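Subject: Structure handover

Hello,

The structure you asked about is below. My notes on it follow.

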Amino acid sequence: MLTHPAGPPVISAQQLSKHYGDVKAVDGISFEVPAGESFGLLGPNGAGKSTTMRMIGGVSQRTSGRLTIMGLDPEDHGPEVRAHLGVVPQQDNLDEELKVRDNLIVYGRYFGLPMSYLRPKADELLEFAQLTDKAGAKVDALSGGMKRRLTIARSLINEPKILLLDEPTTGLDPQARHILWDRLFRLKESGVTLILTTHYMDEAEQLCDRLVVVDEGRIMAEGSPAQLIREHSTREVLELRFGSARNTTVADELQGIGERLEPLPDRVLIYARDGEAALEQVTSRGLKPITSLVRRSSLEDVFLRLTGRSLVE
Amino acid sequence: MSAQLTRQDYALDGSKRPLAALYSRNAKAVVARGLLATRSSNWLIMVSGFFEPVLYLVSMGVGLGALVGTVEGPDGRPISYAAYIAPALLAVSAMNGAVYDSTWNVFFKMNFAKLYQGMLYTSLGPLDVAIGEIFLALLRGALYATGFTAVMALMGLITTPVALLMVPASVVIAFGFASFGMGITSFMKTFQQMEWINFVMLPMFLFSATFYPLSVYPQGIQWLIQALPLWHGVELLRQISVASFTPATVLHVGYFLVMIAVGMLLTTLRLRKLFLR
């Protein structure tokens, strides 16, 4: 069903595992990413997404399995592979001892890029990150959102072909998120392969052509956002709130409505093709929820279905 | 942002160069970063490092020296106590600076400042980082040694131009300690383990014939101290300070050349443990 573009994958992982002692951070995951795709790893904190990212960058040694990036093993060819990677780590690791613009230039020099290229490129990226007037500021004088934008700008200094984004918009305000999504979309249009981890549904739905749902180091499902919703959820969801004391007890009285019922501590979810029709059935049984909401299914529902847990606790 | 990428852009040819996984021949970028960081934020720490051996020299050489008077120099002729301990203090300062830079500093930048995480996500390999950091440590050591030698000259403790060779010799001593220290750091996981380094360094500083000749010890202790690196550094600089060379000079220099070779080998073999956990 998947519409893979032809040609070899730029990232290929087979039975990739990383154990820390007894802890299986990544436990035998396999996936392939073709050039130009935007690929997401969706899962809660601790699912193994960041560890996978670190192995792709060749800065964490895998316990077992095979991994190639653009045809090379990042453990054997780390510097060459990373020359084409841009990395936005989950936690900003800007150089606090350098000024804002110097952060970009010095980082570019780590790639061996010449100053004649880096000077205009740094100014272009400061513009991109809306930090032009902070060029000479110290990093610790920046706000959290500014630091995030600088980290993202820094990851683009070498014009990467593959961009690894680990929770890129965590901590950003909605406006900044949308600006970033727009920039990522433009990068994707120019052919850059995006690999991103996120626990935000809307982010995954906006940005990912295809994603894997990861939990406890294993892949639970794989597909495009629409495909995953189609396979693992219904078209619509009816959310009912009866008050925290009654949500679970009322579930018995809701049996038979919709295709599936999911009682949660704070609400009851009814999965149905037609949410409004399901709501009519609820009220016809004499049940009066405090609030009701009909919405489209999202990846959150897929995750709940696959793992029995919410993504964001 | 960039021109349209095609599928051909995504196929890499792997380099067959040895150490290609660990080294991209760009240690100079790490050095450039260190110089820029020093210039813009931590030059004050640099200056404070210079004063430590000078304070020792003034208090012990001049103060204690007033009680001690003259002692027998490396060539058998009497020299002032200050002139006796000054080269030893220079060797100690070379050791301390190099060990600090290659152990605590690396440990902190690795685990807390996350500086290396950023570097290692670029084309840099861990060997680039290690070479760059060691070079910076040696550059700093060379500056301190030059300053200390100038202070010795001002105090009238330098009697021969040969004594200027103490500066490059200090760098050799520092290189030995720095290359070894970085290898040792790869075994360290906690701050408590890092404290062991100080536990070794302090007695080595006090007992390596720094403040009095080795002959005060019984034979067995002498052998133990002669096996440790600082004693060779102290003796080497002491000989250079009065231009009195013996066959032992070659042994002292040779000790450090071996230490550098073994230290760099250890560090290279342990790079993945140090930087890529």
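Please keep in mind that this is a predicted model. I start with the helix packing in chain A, since much of it involves one helix.

Helix α3 of chain A covers residues 100–110, and helix α4 of chain A covers residues 115–128. Their axes come within 9 Å and cross at roughly 130°. Angles of 65 to 115 degrees count as roughly perpendicular and those over 145 as roughly antiparallel, so α3(A) and α4(A) are oblique to each other. The crossing of α3(A) past α4(A) is right-handed. On the α3(A) side the contact is made by Arg101(A), Leu104(A), Ile105(A) and Gly108(A), which meet Leu118(A), Lys121(A), Ala122(A), Leu125(A) and Leu126(A) of α4(A). By class, the residues of this contact are six nonpolar, one polar and two charged.

α3(A) also packs against α5(A): the two axes come within 9 Å and cross at roughly 25°. That angle makes α3(A) roughly parallel to α5(A). Here too α3(A) passes in a right-handed crossing. Val100(A), Asn103(A), Leu104(A) and Tyr107(A) of α3(A) meet Leu150(A), Ala153(A) and Arg154(A) of α5(A). This contact of α3(A) with α5(A) has five nonpolar residues, one polar and one charged. Leu104(A) is listed in the contact with α4(A) and again in the contact with α5(A).

Next, the sheet. Chain A has an open sheet of six strands in the order β5-β6-β7-β3-β8-β9, and the pairing is mixed. From one strand to the next the twist averages 15°. At the β9(A) end, strand β8 (residues 210–215) of chain A pairs with β9(A) in the antiparallel sense over five bridges. Asp215(A) has Arg218(A) in β9(A) as its bridge partner.

Strand β11 spans residues 260–263 of chain A and strand β12 spans residues 268–272 of chain A; they are antiparallel and paired over four bridges. In this pair Pro263(A) stands opposite Val268(A) of β12(A).

As for the interface, 41 residues of chain A contact 37 residues of chain B. On the chain A side, α2 (78–82), α3 and α6 (174–189) each supply at least two residues. α3(A) gives the most, with five residues. The chain A side divides into 17 nonpolar, eleven polar and 13 charged residues.

Which helices pack in chain B at an angle of about 135°? They are α3 (residues 81–102) and α10 (residues 229–241) of chain B, with axes 8 Å apart. α3(B) and α10(B) are therefore oblique to each other, and α3(B) passes α10(B) in a right-handed crossing. The α3(B) residues include Pro87(B), Leu90(B) and Met95(B), and those of α10(B) include Leu230(B), Val234(B) and Arg238(B). By class there are ten nonpolar, two polar and one charged residues in the contact of α3(B) with α10(B).

Regards

Terms used: Residues numbered from 1 in each chain as written. Chains lettered and ligands numbered in written order. Predicted model: local features only at pLDDT ≥ 70, side-chain atom pairs only at ≥ 80, totals over all residues. Axes fitted to C-alpha atoms, helices over the stretch in contact; angles between N-to-C directions. Parallel < 35°, antiparallel > 145°, perpendicular 65-115°, else oblique. Left-handed = near helix turned anticlockwise from the far one by under 90°. Contact = placed C-beta atoms within 7 Å. Nonpolar A, V, L, I, M, F, W, Y, C, P; charged D, E, K, R; others polar. Pairing = 2+ DSSP bridges.
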